[in-house]
Amino acid sequence: MIYLDNSATTQPSKVCVDTMTELLTCAWGNPSSVHALGIDAEKRLKAARAQVAQALGAEPERVFFTSGGTEADNWALKGAAQLRRDKGRHIISTPFEHHAILHSLETLEKEGFEITYLPVYENGRVRVEDLVAAIRPDTALVTVMMANNEIGTIQPIKEIAAVCKKHGVWCHTDAVQAVGAIPIDVQDLGVDMLSMSGHKFNAPKGIGALYIRRGILPYNLIDGGGQEGRRRAGTE
């Protein structure tokens, strides 16, 4: 078989499979446990978080593991919208986002939020001037994907983030199709939140992360224990 569907998922690499096998057989402790097996698991978790942070140009404590890109997108949008609803209930996005974004926006619309969708032109890109024209005093959040999962176009996220910062609006980007394919530095981009998913670049399915800039605290999507810095509950 010749596999040509890597935008849907990638084959786990040998390094990944070997590491997972070791973790499942030798280092399977709960990172929250205080015995030796748990402490070893915690050390490995911290090392993994540091690796992801390095790939994004982020601080390790600003990387929060999730069950995948879909959860990361849901958390970013719903958590930010609910936290900032007093500032305004206007959100800006595009019509060709992943369904994790589009369906989250539909849910927020039912809860009283207003969504503006920027036009996408024949080159598959949005225009920053359209964003400038769409921003209002009650705009709370802008979410634009970094790389499109259907046609691969890369959006001007750095310029979009700069506009958002100028107007005091939070900026999120769904970078699920970008991380692992193009260089990414969240500090250079200036985004407030960024979603990613491991299975797009040779890691297992069921693991993703949300980068959240320091000072940005969207409401928790999942409550429970104190894992992930008390931001995302569930045994790591």
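Good morning. I begin with the largest pocket, where helix α2 supplies the largest share of the lining, eight residues. Helices here are DSSP runs of H or I with at least four residues, strands are runs of E with at least two, and both are numbered from the N terminus. What we are looking at is a predicted model, in which local features need pLDDT of at least 70 and side-chain atom pairs count only at pLDDT 80 or more, while totals for chains, interfaces and linings use all residues. Residues are numbered from 1 along each chain as its sequence is written, and side-chain values use heavy atoms, with hydrogens and water left out.

The largest pocket has a volume of about 1400 Å³. A pocket, on a 1 Å grid over the protein atoms alone, is an open set of points where a 1.4 Å probe fits, with protein on both sides within 12 Å along at least five of seven lines; lining residues have an atom within 4 Å of a point. The points are joined across faces, edges and corners, and the volume is the space filled by probe spheres set on them.

By class, the lining holds 24 nonpolar, 14 polar and five charged residues. In this scheme Ala, Val, Leu, Ile, Met, Phe, Trp, Tyr, Cys and Pro are nonpolar, Asp, Glu, Lys and Arg are charged, and the others, Gly among them, are polar.

I turn to the second largest pocket, which contains about 250 Å³ of space. Its lining has 14 residues, and the closest to its centre are Leu45, Arg49, Glu228, Gly229 and Glu236. The elements giving two or more residues to this lining are α2, β1 and α8 (227-230), and α2 gives the most, with four. The classes are four nonpolar, four polar and six charged.

Leucine 45 lies in α2 and counts as buried, because its relative accessible area is 18%. The limits are under 20% for buried and over 50% for exposed, with partly exposed in between (1.4 Å probe, protein chains only). Not counting residues up to four places away in sequence, leucine 45 touches Pro31, Phe65 and Glu236, contact meaning heavy atoms within 4.5 Å. Its C-alpha atom is separated by 10.0 Å from that of phenylalanine 65, 20 residues apart along the chain.

Arginine 44 also lies in α2. Is arginine 44 buried or partly exposed? It is partly exposed, because its relative accessibility is 31%. Leaving aside neighbours within four places in sequence, arginine 44 is in contact with Glu22, Leu23 and Ala27.

Finally, the protein as a whole. Its secondary structure comes to eight helices and seven strands. The C-alpha atoms fill a box of roughly 55 × 45 × 30 Å along the principal axes. Buried residues make up 47% of the 236 residues. Of the contacts with a separation of 6 or more, 64% join residues 24 or more positions apart. Thank you.
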